[in-house]
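Good morning, and thank you for coming. Please look first at the sequence and the model, and then we shall go through them together.

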Amino acid sequence: MTKTIDGLANTSLKCLVMNRKKITDQLGVQIAKFLQGNKTLERLELEGNLLGPESSKAFADLLRVNKTIRYLDLSNNNLTNQGQSKDEVKDIAKALEQNKSLLYINLSNN
């Protein structure tokens with residue numbers, strides 16, 4: 001089943017670069033859900049936004065279902081809620097056990 005936002009679906013996007021766009025945690029969740037239906041995405045860059053713990057969980061879910069993503073940059077966000085919780089990053093680590101396509105991930109400065 002393809003995930004959609006407002007009835008829109010994307011199945012051909014290969015690269016999405018949205019660095020330093022002030023993307024909030026809530027919007028990050030929506031982006032991750034939207035991309036679950038994409039079976040061609042190879043590169044996703046969301047460095048330097050306002051992503052938080054909820055986005056981290058959503059991107060973990062994305063990594064579990066996406067078999068094409070090769071490059072993921074979530075650096076310089078707030079995935080651990082300023083160090084208060086590291087469970088969300090652990091969710092990403094667990095998702096990587098299932099994902100066999102990812103070659104590069106950057107989670108620095110979170």
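Is Arg 43 buried, partly exposed or exposed? With a relative accessible area of 31%, Arg 43 is partly exposed; buried means under 20% relative accessible area, exposed over 50%, and partly exposed in between, for a 1.4 Å probe and protein chains only.

This is a predicted model, in which local features need pLDDT of at least 70 and side-chain atom pairs count only at pLDDT 80 or more, while totals for chains, interfaces and linings use all residues. Residues are numbered from 1 along each chain as its sequence is written, and side-chain values use heavy atoms, leaving out hydrogens and water.

The side chain of Arg 43 meets that of Glu 45 in a salt bridge, at 2.6 Å from N to O. A salt bridge here is a side-chain nitrogen of Lys or Arg within 4 Å of a carboxyl oxygen of Asp or Glu. Glu 45 is buried, at 12%.

Let us turn to helix H2. Helices (H or I, at least four residues) and strands (E, at least two) are DSSP runs, numbered from the N terminus. Among the buried residues of H2 are Phe 59, Leu 62 and Leu 63. Two salt bridges also involve this helix: Glu 54 pairs with Lys 57 at 3.5 Å, both lying in H2, three residues apart, and Arg 64 pairs with Asp 61 at 3.0 Å.

Finally, Leu 44 is in contact (heavy atoms within 4.5 Å) with residues including Leu 16, Phe 59 and Leu 62, its neighbours within four places in sequence being left aside.
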